[in-house]
Every structure is written in structure tokens, then in C-alpha cells.
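Work through the exercises below with the sequence and the model open. Each task is followed by a solution in steps.

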2 protein chains.
Amino acid sequence: MTVKTQSPDFRREIPDGDSHERDVCSTCGFVHYVNPKIVTGSIVRHDGRIMLCRRAIEPRVGFWTLPAGFMEVGETTEQAAMREAQEEANAAIVIDRLLAVYTIPRIAQVQIMYLAHLREPVFSPGPESLEVMMVGWDEIPWDDIAFPSVTWALEQYRSVEGVEDFAPFSNPVP
Amino acid sequence: MTVKTQSPDFRREIPDGDSHERDVCSTCGFVHYVNPKIVTGSIVRHDGRIMLCRRAIEPRVGFWTLPAGFMEVGETTEQAAMREAQEEANAAIVIDRLLAVYTIPRIAQVQIMYLAHLREPVFSPGPESLEVMMVGWDEIPWDDIAFPSVTWALEQYRSVEGVEDFAPFSNPVP
């Protein structure tokens, strides 16, 4: 085994034909592009209720979230949202339409949120969830929501519930 | 300068707490996550016409495309689409709404396409474009479009032109 104890000798420069500064290896010229990451998730509905999952993992252990997570290579955004509901809530879901695309620039994350429904009313906590529940609007634990974008998605969805055609949402204007 | 001639000793394994196989460095345990990349772009409108840019760079030099490109860290998806129109067509645009989210799994790319309009009727080719033009529907060079998703966006937009509220599109079903 080759034991390497030194990290690459990156310097900041604008590569040929590029317009942004990047980390470029002084030795071999490798350009280390850093790209925003994609999270996909969904508001999963059944009988007028919405699925929430209580997080078993950091960050925000114990707080409530929508089934969502990092998109993998080789899947579509819709497949990624379906996989996350399967992994976090053992739930088979059907994607209905796009609700919102949010950007969280501070953590370079783009969140693509769908409306979906349960294929059948069967669900249980996956390894990343402590609990899974289906709640009505007056049962949402607003003070114990894990992330601001979960609140955005819930409030924006509530504003168009029952409407078929609407433009998808972006980050709410503060 | 440290000259390193060997690449990391990656092996495929499922890291603790993960559900997917990743490249993990045998030496230091570094997990090399590979994530889908985000392209943002827009259909830029003015006076019933649409902006097309003829590509000056590979791939597909000489073919027509919409102003679009890779999203950078630190910007929102909307800012990224505005920047691309500025870079490729020296055009200041206003984002109107989301048109479509496409996934191209083969190249692990998610394309987020907006409807936009010119802030003022001023544009010219940037360094990545040979030509920029505003065209009517009957002037679109359909046989010389650079990428399938450009055709998808144009055809899907045509199907809802003049409609205010519609659900955004995804990849067309073949």
C-alpha cells in the first residue's frame, strides 16, 4: 500500500477557458470543481394528511422533516425522491408534480421538492427515522421542524392545496 | 514542490451508515462522493421571439442552444440562469418562472430551465457563442439544435405559451 501523507498542492487560479477561480493542483494541473449538491424530497399525501419523519441522524436528531435526501448518480430527480421515501419511511410513493426548487447558497444545496401520494397506506420508520406519522394541518409540530425549507414547502403547499395548475415555488421572499 | 505520481488507492465499499458503494481511499478513508451536476438555463423572450445562441465551444460547436451552463457554488438557481445569459449573450434577463426540470442520468446532469425575458433588447455573442439571435417559432433551426433537452424545452414551452399557471415539465415520455 502506498502511504501518502500529503494533500494535493492546490492553488487558486482561473483555468484556461474558464471564468471562475478554482483549486488547481500545482503538480498535475487537475482542476477540482466544486458543484452545488441536489437534495430531492416530497410532500407525501394520503387522505388529506401529510407524511412527516422524525430524524434519527444528525443534523437535527429528533426534529421532524419531509422524506428527502441527496440525489445519487444514475437516477432521475423523481426516482431519487421515491427512493428517499422508501429508505426513510418504507413507503412506496407516486410523484404527482413539482412543488418547489429552493437554493441554500450557504451550503451550496439545491432542493427539488415534489408533491406525491402513498401508493398504499403502508409505512414505518427506516434506519434514518425514529418515527413516521401522517398528520393533518392542525397537527403539524411547527416548533419542532428540522429545517427552514421544510416549513417553506409545507406553507407553500398549503397555499395551493386543491389547485391543479400553479407555477412552482422558489425560496420565499423574506 | 512535492511531486506525486500516484493517484489515491480507491476501493469500492459501502461506508459506515451509507447505503451505496463509494470510492473510499485505502490509505486515509476519504470517501469520494460523486454527485449529479446542475445545469441552469432559460428560454429568453422578447416581443414574441426567443433567444438562441450558436455554440463556439465543444461539445456541438456551431449548433444552436439556449443560454445555459453549470451552476456555481454561492449562487441561486435563478442567479445562475441570469449569469449564463450574461456570459453567453451579454444579455440582462429577468426570470419569470420555472419551465422544467430534466434529468439526463447517463451524464448525471439535472437541468433546471426557466422562462425569462430581456430587461432591454440588447445582446451580442459572448466568448462561448458564435452568434446570438431572437427567432420566431417558424424560424427555429430544429435540425441544428445542439442538445435534445433544448428541443424539449422549446416544444414544451410552445404547448403552454400564453398560459400563466401550469405544472413544470419533466423529461418528455418517449
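Helices (H or I, at least four residues) and strands (E, at least two) are DSSP runs, numbered from the N terminus. The model is predicted.

**Exercise 1. Check the span of α1(B) against its number of residues, and list its buried residues.**

Solution. 
- Step 1. The helix α1(B) has 13 residues, and at 1.5 Å a residue it should span 18 Å. The expected span uses one less than the number of residues.
- Step 2. The end C-alpha atoms of α1(B) are 18 Å apart, which agrees.
- Step 3. Buried in α1(B) are B:T77, B:E78, B:A80, B:A81, B:M82, B:E84, B:A85, B:E88 and B:A89. One of these, B:A89, is also among the contacts of B:V132.

**Exercise 2. Give the strand order of the open sheet formed by three strands of chain B, and say which strands stand at its edges.**

Solution. 
- Step 1. The order is β1-β2-β3 (chain B), with antiparallel pairing.
- Step 2. β1 (10-13) and β3 (31-32) of chain B each have a single partner strand, so they stand at the edges and one side of each lacks a neighbour in the sheet.
- Step 3. β1(B) and β2 (residues 22-25) of chain B are joined by four bridges.
- Step 4. Opposite B:E13 stands B:R22 in β2(B).

**Exercise 3. Describe the fold of chain A by its elements and its extent.**

Solution. 
- Step 1. Chain A contains two helices and 10 strands. From the N terminus on, their order is β-β-β-β-β-β-β-α-β-β-β-α.
- Step 2. For 174 residues the globule rule gives 16 Å, whereas the radius of gyration of chain A is 20 Å, so chain A is more spread out than a compact globule.
- Step 3. Along the principal axes, the C-alpha atoms of chain A fill a box of roughly 60 × 40 × 30 Å.
- Step 4. Of the residues of chain A, 33% count as buried.
- Step 5. Of the contacts in chain A between residues at least 6 apart in sequence, 62% link residues at least 24 apart.

**Exercise 4. Work out how chains A and B are related and what chain B brings to the contact.**

Solution. 
- Step 1. Chain B is superposed on chain A by a rotation of 180° with 0.0 Å of shift along its axis (RMSD 0.0 Å). The two copies are thus related as by a two-fold rotation axis.
- Step 2. Chain B gives 38 residues to the contact and chain A gives 38 residues.
- Step 3. On the side of chain B that touches chain A, the elements giving two or more residues are β4 (37-46), α1 (77-89), β8 (93-104) and β9 (109-118) of chain B. β8(B) gives the most, with four residues.
- Step 4. By class, this side of chain B has 17 nonpolar, 12 polar and nine charged residues.
- Step 5. Of the interface residues of chain B, 100% are also interface residues in chain A, so the copies meet through the same surface.

Methods:
Residues numbered from 1 in each chain as written. Chains lettered and ligands numbered in written order. Predicted model: local features only at pLDDT ≥ 70, side-chain atom pairs only at ≥ 80, totals over all residues. Pairing = 2+ DSSP bridges. Contact = placed C-beta atoms within 7 Å. Nonpolar A, V, L, I, M, F, W, Y, C, P; charged D, E, K, R; others polar. Rg over C-alpha atoms; globule rule 2.2 N^0.38 Å. Buried ≥ 20, exposed ≤ 12 C-beta atoms within 10 Å, placed from the backbone. Least-squares fit on C-alpha atoms with pLDDT ≥ 70 in both. Lists of a residue's contacts leave out its neighbours within four places in sequence.
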